[in-house]
Amino acid sequence: SSIYRQGVLGRRPVVPADFAELERRARRASSARAWAYVAGGAGEGRTMRRNREAFGRWAIVPRMASGAVDRDLSVRLLGARHGTPLLLAPVGAGALMGADSDVKIARAAAATGTTYVFSNQGCNPMEECAAAMGDASRWFQLYWSKDEGLVDSLIARAEAAGAGALVVTLDTTVLGWRPQDLNLGSLPFSRGEGIAQYTSDPRFREIAAARPAQPAGEVTLGAIRTLLAMTRNHPGGFWNNLRSPAPRASVETFLDIYSNPGLSWDHLATLRDRTRLPVVLKGILHPDDARRAFDLGADAVVVSNHGGRQIDNAIASLDALVTIRDALGPDPVLLFDSGIRTGADVFTALALGANAVLLGRPYMYGLALAGQRGVEDVITNVVAELDLTMALAGTPDIAAITRSALAAA
Ligand code: FNR
């Protein structure tokens, strides 16, 4: 209600209160290259659209006169109390939106009491983000590297940086088909955005140093052919890539090893003995995969299709949530992301069985508009709308939000 009060008293918000306008203004404030990467999705964009359409198939049924003046939005997750059921999803290559993006997001997360999941593809080393957060809650997201030593090194750093959980993302063993980026021909990471966790890592440096040296400035015919093919429609993109100021060897080492396309459940079975942190597996969409994750000792899974960025024409993440909750019963901890835009969406996902949700693009749009303050305001708006929705739906706390609060739309 304080947001309404401020509005009535004439204070203009820093970011628009509705997602459509937030998106429009963020687009205007971003470079074409940043927008293609952050807002883009896989293929024809069908998964991304379907993520949104799935919310439209459910309607919230308001309930009257619950008698509760205040709502309790807190949840217990993996042994810790969280002020709200909203977390910030790991988002890589934030440098596209400006310098030190991750530190700004970290500050906004700390200021609003929201857990921030540091991306393995971050633009600031996790230690810098942790230092900016004081005691505030953070988790670390890992991509399983081809190099097992790097996996261990990143886990050890996450533990030392005070991460409350280790989130291993399974759905990006190879990068999805992303036409918006490919058409621009100036691919994210080509200038080293999003490799700070790697270049700050002792094991990664060892690997980079051992890599056969490429004579400085040498451009092979093969590399030129690839670049030309990637940038056929955008000749400017060719030069952008060629003139990359990023240390080439680091970027190439990163591309070689950041992910293991051969990732299997056998790799994941080793996790339990490699960290004392709660383990969360992200990118699960099939109930059998969810079962397998819990059988291996995972503490939670994130039902997610990576914001529709990996497979085109994939199942909506919200539909997968329903199937997985039905298959696994009430106890396993299911987090959810992909398509959350508003507080009403958070309510719907919780009613369909999510214990908490992660927000992706919306907070990046707040960042594009107004830096740390923009991220804070996006979080505050989503949480405020969730709180109002709970008030009007007669649900005084998160546990009260169940499927009976919904009807088929
Ligand atoms: C992501 N996502 C992601 N996930 C992850 O595990 N590691 C990462 O580094 C990234 N990077 C990343 C970059 C960008 C620009 C986006 C938009 C997304 C996926 C992210 O964690 C989350 O699953 C989705 O963003 C959720 O969907 P919405 O909220 O964007 O619809």
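This is a predicted model: local features need pLDDT of at least 70, side-chain atom pairs count only at pLDDT 80 or more; totals for chains, interfaces and linings use all residues.
Strands of a sheet pair through backbone hydrogen bonds, in either a parallel or an antiparallel arrangement.

Two of the pairings can be described in detail. Strand β5, residues 115-118, pairs with β6 in the parallel sense. The pairing extends over 3 bridges. Within it, V117 has W139 of β6 as its bridge partner. Strand β7, residues 166-169, runs parallel to strand β8, residues 279-284. Here 4 bridges join the two strands. L166 is bridged to V279 in β8.

Strand β6 spans residues 138-142. Of its 5 residues, 5 are buried, so the strand is largely enclosed by the rest of the structure. In a regular strand the side chains alternate between the two faces of the sheet. Both faces of β6 are covered. R138, F140 and L142 are buried on one side. W139 and Q141 are buried on the other. W139 is also the residue of β6 that bridges to V117.

Two helix pairs were examined for packing. Two packed helices are described by the angle between their axes and the distance between the axes. Helix α7, residues 148-160, packs with helix α10, residues 202-210, at an angle of about 150°. The axes of these helices are 8 Å apart. The angle makes α7 roughly antiparallel to α10. On the α7 side, the contact is made by G149, L150 and S153. On the α10 side, P202, R203 and F204 take part. By class, this contact of α7 with α10 has 3 nonpolar, 2 polar and 1 charged residues.

The second pair is formed by helix α4, residues 46-56, and helix α16, residues 317-328. Their axes come within 7 Å and cross at roughly 60°. N51, A54 and F55 in α4 meet S317, L318 and D319 in α16. The contact of α4 with α16 has 3 nonpolar, 2 polar and 1 charged residues.

The ligand is surrounded by 23 residues. The closest are A89, G92, T169, G307 and G360. By class, the shell divides into 7 nonpolar, 12 polar and 4 charged residues.

Most residues other than glycine have a negative phi. L78 is not a glycine, yet its phi is positive, at about 50°. L78 lies in the loop between β2, residues 75-77, and β3, residues 80-82. With 18 C-beta neighbours inside 10 Å, L78 counts as partly exposed. H306 also has a positive phi, near 65°, in a residue other than glycine. H306 lies in the loop between β9, residues 300-303, and α16. H306 is buried, with 26 other C-beta atoms within 10 Å; the threshold for burial is 20 or more.

P16 lies in the loop between α1, residues 2-8, and α2, residues 19-29. P16 is partly exposed, with 19 other C-beta atoms within 10 Å. P16 and G366 are 350 residues apart in sequence. Their C-alpha atoms are 8.9 Å apart in space. Not counting residues up to four places away in sequence, P16 touches E21, L22 and R25.

G394 is placed in the loop between α18, residues 361-392, and β12, residues 406-408. G394 counts as partly exposed, with 16 C-beta neighbours inside 10 Å. G394 and R71 are 323 residues apart along the chain. A distance of 9.6 Å separates their C-alpha atoms. Leaving aside neighbours within four places in sequence, G394 is in contact with R63, M64 and S66.

Technical notes:
Residues are numbered from 1 along each chain as its sequence is written. Axes are lines fitted to C-alpha atoms, for helices over the stretch in contact, and angles run from 0 to 180 degrees between N-to-C directions. Angles under 35 degrees count as roughly parallel, over 145 as roughly antiparallel, 65 to 115 as roughly perpendicular and the rest as oblique. Two residues are in contact if their C-beta atoms, placed from the backbone, lie within 7 Å. Ala, Val, Leu, Ile, Met, Phe, Trp, Tyr, Cys and Pro count as nonpolar, Asp, Glu, Lys and Arg as charged, and the others, Gly among them, as polar. A residue is near a molecule or strand if its C-beta atom, placed from the backbone, lies within 6 Å of it. A residue is buried if 20 or more other C-beta atoms lie within 10 Å of its own, exposed if 12 or fewer, and partly exposed in between; C-beta atoms are placed from the backbone. Two strands pair if DSSP finds at least two bridges between them.
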